[in-house]
Amino acid sequence: MSYSYQVKSLEEYNAAYKKSVEDPEGFWSAIAENFLWRKKWDKVLNWNFTEPSIKWFEGGKLNITENCLDRHLATKADQPAIVWEPNDPKDNKVVLTYKELHFKVCQFAHVLKNNGVKKGDRVCIYMPMVPELAIAVLACARIGAIHSVVFGGFSAQSIADRIQDAQCSTVITADGGFRGSKVIPLKAVIDDALISSPSVKKVIVLSRTHIPVSMINGRDVWWSEEINKVQNADCPAEIMDSEDMLFILYTSGSTGKPKGVVHTCGGYMVYTNYTFVNVFQYQPGDIYFCTADIGWITGHSYIVYGPLSAGATTLMFEGIPTWPDAGRFWEIVDKYKVNILYTAPTAIRSLMGFGLDFVNGKNLSSLRVLGTVGEPINEEAWHWYDDNIGKKKCPIVDTWWQTETAGVLISNIAGITPQKPAHATLPLPGIQPILVDEKGDEVKGNGVSGNLCIKFPWPSIIRTTYGDHERCRQNYFATYKNLYFTGDGALRDEQGNYRITGRVDDVLNVSGHRIGTAEVENAINMHTGVVESAVVGYPHDIKGQGIYAFVIFNGNMDDKELLKHGIVQTVAKVIGAIAKPDKIQFVSGLPKTRSGKIMRRILRKIAEGETSNLGDTTTLLDPAVVEEIKNGRI
Ligand code: WTA
């Protein structure tokens, strides 16, 4: 397969971009023609951003797994689809060809059906990074069940929240998972989550670590035993409407609990495939390695669906970059002759700190394209990646996008459009970004900054937030009329290149993970020693942002270290280890306006180390508290 829609030169990019703006429907329908549809669409696009109501390829019928699997069988049956590197480098790798993956997905689809899962049911997946995770995801899609993957680092409470919100009927998990030298119990966490999740009727458990687990009669079944019951693995794909839900993925916002971002079948397939093939300039035969976890959107779109729909070979890694040592990524590149490597700035910054001894001696000459995702990349990390990993001969794509966008929106195209360190650069074809000021007026021209919005839909834009459409409207479409608001701020340089500067709302980005300040505050406030708290981000050398918590404590506690420890543990229990505060400062009050609103701007400045220029504090209820907080800063 070659990709007729892969742009091959700057001229082709310019032409594609022009066409995508002048005739979006013509542009996207020509790309969609390259897929396997059971019935062609009646209308390419129907949209308004007011409700919002966005429909792509309406009336089209398809199954995404036929595009990821079946259609490759004629020409690529024996080509590796998934190559899996285990946590322990001494263990055996697993290679699944397209034929084998197709077989296993169909087989597990039967297991789901045998356990009562039907089209439209929601299935929660809480698994380590093993091939069965990809198989579970695809098997859901095969039968039209809606998957909701929850990252393996989230707590029982977080899982329960997500299961209840989506009313999942089934959970797929493993006894445990290996992460570096640790064994993470997964089934035990699910057991806790299910105490308060009555919608779940079945739990399918993969045996990975062989740690003891308790299996509940009538509810819990073993993956392998269920597979053994499948006589005939033939499983025709459920025919889906273009706009049927494919999956839900929960992500943090500035208020309340995480929301379930909904993506649908047709548009998601077309856009993730188009961006995968173009941004990375994937060539048939390339080994592509994305280091993300399938628990996040990057793994959904650029480990599973994008690469497989393009007939690529996608490498899945179970472990962590620093175990057995900090050379693990480079060893994997060497071992599998990886051509395209896609990782996060936080991983690069952390590995930089270990020095070049872990890079030297590894053969990285197979690399042709490098990528980054998840957070702004600082120039130092960009140059380290370019010099030491790409050896100055690999383009680096800085891909900006979000769970809600499902695919990359702004990025250079490897070797085709110009790159600029720390800049995501230009919009991809089909993407019409604009910058607006606080009032919502467009900031025109170049050499400017503003809040980043998109003014026209692309095929994989968020459709709704599960069970609460109004929340979707409020969050993304109500701030500025007729615009999708990203929540990010950006600069546009003299050449029109975008540089994403980070969130302008109360969302933190810690090691590339999105965390809402309100969520962390709610968790901290659950501790009995806490009266009130306020959480802000501060610059962190490796994580990008760290979590700084200002906490008013209950006067009864005199051992502050113990209290701090207790607070950290509470956050880990309520959300997960990724949300643990890095710094906790006890204060006697918080800077509030007369109407009781916390002035986060002031706290953010103090946390960032800026104590002189705090702006106007005269409207505060108790200005003296600011002095105290400044003096107690850690
Ligand atoms: C940030 C991850 C700068 C941004 C795919 C966005 C980035 C949030 C970049 C979405 C980048 C992602 N440069 N910032 N290349 N990529 N971000 O939903 O703030 O986990 O809004 O999706 O990450 O995070 P999410």
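Visitor: Why does Asp 387 count as partly exposed?

Guide: This is a predicted model, and in it Asp 387 has 32% relative accessibility. Buried means under 20% and exposed means over 50%, so Asp 387 falls in between and counts as partly exposed.

Visitor: What makes the pair Asp 387 and Lys 392 a salt bridge?

Guide: The closest N and O atoms of Asp 387 and Lys 392 are 2.5 Å apart. The cut-off is 4 Å, so the pair qualifies as a salt bridge.

Visitor: Is Lys 392 buried or exposed, and how do you know?

Guide: Lys 392 has a relative accessible area of 60%. Exposed means over 50%, so Lys 392 is exposed.

Visitor: How many salt bridges does the structure hold?

Guide: The structure holds 37 salt bridges. One of them joins the side chains of Asp 78 and Lys 99, at 3.5 Å from N to O.

Visitor: What does the pair of Asp 78 and Lys 99 tie together?

Guide: Asp 78 lies in the loop between helix 4 (73-76) and strand 4 (80-85), and Lys 99 lies in helix 5 (residues 98-114), so the pair ties together parts that are 21 residues apart in sequence. Asp 78 counts as exposed, at 59% relative accessibility, and Lys 99 counts as partly exposed, at 47%.

Visitor: Why is Lys 187 called buried?

Guide: Lys 187 has a relative accessible area of 0%. Buried means under 20%, so Lys 187 is buried. Asp 191, with a relative accessible area of 16%, is buried by the cut-off of 20%.

Visitor: What links Asp 191 and Lys 187?

Guide: The side chains of Asp 191 and Lys 187 meet in a salt bridge of 2.7 Å, N to O. Being 4 residues apart in helix 8 (residues 187-195), they are separated by about one helical turn. Lys 187 and Asp 191 are also linked with Arg 219 and Asp 220 in a network of salt bridges.

Visitor: How do you know that the span of helix 17 agrees with its number of residues?

Guide: At 1.5 Å a residue, the 15 residues of helix 17 (residues 560-574) should span 21 Å. The end C-alpha atoms of helix 17 are 21 Å apart, so the two values agree.

Visitor: Which elements do the buried residues of helix 17 pack against?

Guide: The buried residues of helix 17, including Leu 563, Ile 567 and Val 571, pack against helix 7 (156-166), helix 16 (517-525), strand 28 (530-540), strand 29 (544-553) and strand 30 (583-587).

Conventions: Residues numbered from 1 in each chain as written. Predicted model: local features only at pLDDT ≥ 70, side-chain atom pairs only at ≥ 80, totals over all residues. Heavy atoms only, no water. Helix = DSSP H or I, 4+ residues; strand = E, 2+ residues; numbered from the N terminus. Expected span 1.5 Å × (residues − 1). Buried < 20%, exposed > 50% of the residue type's maximum accessible area, 1.4 Å probe, protein only. Contact = heavy atoms within 4.5 Å.
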